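Please look over the model shown below, with attention to its helices and to the confidence of the prediction. The report that follows takes up these topics in turn.

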Amino acid sequence: MNLLRGQRAKLSDLISYSLPFTIRVVVNAPKLSVDFSCFGLDVSNKLSDERYMSFFNQPVTPCSAVRFGSSINNTAVFLIDLQKLPIHIDRLVITAAIDGDGTMSQLISGAVTLYQSNIEAATFAFAGNDFAAEKTLMLIEIYRKEGSWRVCATGQGFNGGLDSLVQYFGGTITEPLAITQPPVEQLSAQLAITEESVEPSTGLTSQSFLQRIFKQLFTGKNSAGEPNISNLSGYWKHQGTSVKVANVVIENGFLYFGSDLCSIGSRSQIEPALVDPKLSVGKLASANYQQRLLTYWSSYSEISPDARAAYIKWLIEGRNDPLADVGYVFLYFYGLERRALEDAKTDVSAKAELPKIIQEVERLLEIYHGNGSFRSYASGLLDVLKLDCAESFAPKQYLASPSDFIPGILPMSLKLVLGQLAMDNEPVPADWAYVWFMTNSKIRLNTPAKRCAVEFKKLFMSKYGESFGKGMRLPVNKTKIKVSYSTASASFFPNRTIERKLDIPDVTVLTSRIKKLQALADQCTGTLNTYSRFLGRNPGLEGTLDALLELPYSLWSEQQKQHIQTIKRTLETTKVPVAIEFTRLKAWLPEWRTITKSRVAAFINRLAEAGLGMEPDPRFGGAMPSTDTKVVLFIDDGSLCAPTPRYTTAALTLHLAVVVSLADGEVGRAERDLLIQQVEDWLHLTTVEKNRLHAHLRWLLSERPDFKNIKKRVEILPVSAREVLADFLVLVAFADNKISPNEVKVLEKIYKALNLNVQSLYGKLHGTGSDEPVTVRPPLSRSGGFSIPNPPKPDTGFQLDMNRVATLKNESKKVTDMLVAIFEQDAVTETLIPIQIQASEPVIDDNENLMGLDNVHSDFIKLLCVRVHWSRIELEEIAADGGMMLDGALEHINEAAYDTFDAPLTEGDDPIDINQDILKELLK
């Protein structure tokens, strides 16, 4: 929600105010230094209790309801828990004050944002042109009204600065105020001032409350009840040591243990990570560290006894439950952070312990990396600590493989490697480029990259090699690597930020390289999109062939490729197509549940990517394989994706020739050799076409085709083409120098189908050229056939003219060449037959909207259903007439079909087939 200046709203409409939330303030003003505060006011809008002004030197209110998180680069964070706020605090006001010269009109932009559970709830944006000479602003207010909490985007200020704001809230001052730390000399003077008591009812005394706060925070006294600053290392328990708390033993150390250890930044605050055995602890038996009992920036001394019990239980049970509330992990992390960053400065044993602390943080990060906040802090701490390890700066680290990474978190090790690559002028290897892309927080990662992570990585690295060869090269830019870490623990306040600069170029700031990697990633996700969507619709089919058919063959696993690769090696050795039962082939492959024309075409596409082809092939007019049929596999480079006219001619010729050869029950050796040789003699065919024809011929010979399936393809041939085709078929019948009555009968049927004079067949068989019938069998003969006689004898058969046979063989090429010329001219294709709907059958109501779609898409479906097959160009024209893009329209329709019938209405890309099962349902 965007709040406007002056707008008020119920807080419950934005967040649950029964839970802690965060207010983040950002002011974009490079020329200004801005300090932030939170005033806790009473019902009269007065600061009646100075302890409820939260700022960098007094970060936490007594009740811990308000915690000032950080103030870096004109940015501040306040952690607020309204449930802890005492009843006399009625209003919280977040303010910003300029430290030094300048006015708020100089700021470029600013924003106050409410977050809860890392989710943005509301934002109040402002800019410099909203103000004039103001030096202090009241930005946003959280206040009680009628028993509930409300929020107001105030956006008003004072020209006089912070002192004017304090006076506005009821304070009195004797000198101008600033929230910056005074010089040491000034502090000493202030600390000499006699303490004065303040009555809550009278407000502030004439002494600056900031001065008295400074006196409280920087006094060197160590009186009773104040934290101890001596013997700091004595509090730390090394790894492997044990301590006893609440009658249980906590093993493995890595803890601060004892009483009265002060925090690093304030002697008035107890170290948050300190486990104090004097404090009460709830029942361990009923403690539940998976329950959220901690707030942001918790301290062991301030949490409830039940929360302490849960924390101790988490410690003694291994510190490794991934379901534990991350607050307990942070509480433990605070101690590791302090030991590594503070104690190691002066303590030799702490410095020697750094490698073990690094290992422990890495262990925690592996378990709890799912929490974004902990992931950020743990990764940042590791970056800082590893800078002190010699191996971090070892030369040529890019020769090793990248270690595991967390998406969106750019590790320091990667920055160092990329810097080394730039300085050594070496190309970025594919695996490092992938890690660079995945750890960049600004990249766009589409769904396929997340759902199909393994396939995405494999494809990304492959495409990277295709695009950049050995890898892209990086320039040595001027920007140097800077390590900046803001500590997680409140113990470090107010100095939470640690910065180090290295003399190594930071190439990760170069956006041009990431843009190239982003374009590459987008290309990969586009390739994986169909596969990803299939898995999204069918989560239980991952690993089946149904899913793999949507995935390029190169991305299949070695196990999934195993049998196909074995077949390929066999074919490369024998150089002969192999026929195999389709059922057996299926058994060698992953589970294949749905076999449709489009699925078979997809399977053939994957085979082509593997260097194999299959017959029959639906793309070439082949039949769909079934469980009781055979398929023929052969070596194929995949370059021929659709039949050419000359290929169609040759395939048709072979089909009819095999029909004739099988007329007497089997194909003889001579007939088989003739057909095989004929394929080689067709010089107009390419090697790829010949390879496929040999496989097609092998399939025809094994499956015994009939004539009816191609009758419509020969009917449209010109008379001249039909005549030369008939001559060739007679040649095939004569191939073994004998002919059976069944072969003659088949030839008669073919002549009739070709609409040729059957009587002319007899002349060709007799060799006389006459149209008289040939005596195939004498009336009294019981022979099932005959051999061609040597000398002619009356009434024993017919005379075979061997010269005529030779002539027919010589005409083979003439037959084919003539057919090719005709096919190239007329481009014979499968006739598209409309669905004939009888008047008595149900039809689709013209006024009915189908599958819940609108009128435009419903009308498009009704048009689709009048044909079994459509060419793509036809449908593109129809869709354009309706104001639609074809692919978008089909996708929308198929989505609806999936929802209604669990299957798509259309299959294939060109031609596009209509699902007959769905069509039947629509016709009901």
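Which residue takes a positive phi just after α20? Arg-704 does, with a phi of about 50°.

This is a predicted model, in which local features need pLDDT of at least 70 and side-chain atom pairs count only at pLDDT 80 or more, while totals for chains, interfaces and linings use all residues. Residues are numbered from 1 along each chain as its sequence is written, and side-chain values use heavy atoms, with hydrogens and water left out.

**Confidence**

The average pLDDT of the protein (the predictor's confidence in each residue, from 0 to 100) is 80, and 83% of the residues score at least 70. Over residues 174-231 pLDDT stays under 50, and the model has 92 contacts beyond four places in sequence for this stretch, a contact being heavy atoms within 4.5 Å. Residues 825-843 also stay under 50 in pLDDT, with 28 contacts beyond four places in sequence.

**Helix α20**

Helices (H or I, at least four residues) and strands (E, at least two) are DSSP runs, numbered from the N terminus. Helix α20 covers residues 687-703, and its 17 residues should span 24 Å at 1.5 Å a residue, which agrees with the 24 Å between its end C-alpha atoms; the expected span is 1.5 Å times one less than the number of residues. This helix is mostly covered, since 12 of its 17 residues are buried (under 20% relative accessible area, with a 1.4 Å probe and protein chains only). Among the buried residues of α20 are Leu-693, Leu-697, Trp-699 and Leu-700, as well as Glu-689, Lys-690 and Arg-692. Its buried residues pack against the strands β21 (612-615) and β22 (630-635) and against the helices α18 (645-661) and α19 (669-681).

**Two helix pairs**

Axes are lines fitted to C-alpha atoms, for helices over the stretch in contact, and angles run from 0 to 180 degrees between N-to-C directions.

| Pair | Angle | Axis distance |
|---|---|---|
| α18 and α19 | roughly 170° | within 11 Å |
| α22 and α23 | about 170° | 11 Å |

The helices α18 and α19 are therefore roughly antiparallel to each other, a term for angles over 145 degrees. Their contact is made by Leu-654, Ala-657, Val-658 and Ser-661 of α18 with Glu-671, Leu-675 and Val-679 of α19, and these residues divide into 5 nonpolar, 1 polar and 1 charged. Here Ala, Val, Leu, Ile, Met, Phe, Trp, Tyr, Cys and Pro count as nonpolar, Asp, Glu, Lys and Arg as charged, and the others, Gly among them, as polar.

The helices α22 and α23 are therefore roughly antiparallel to each other. In this pair, Ala-726, Leu-729, Val-730 and Ala-733 of α22 meet Glu-743, Leu-747, Ile-750 and Tyr-751 of α23, a contact with 7 nonpolar residues, no polar and 1 charged.

How values were computed. Parallel < 35°, antiparallel > 145°, perpendicular 65-115°, else oblique. Buried < 20%, exposed > 50% of the residue type's maximum accessible area, 1.4 Å probe, protein only.
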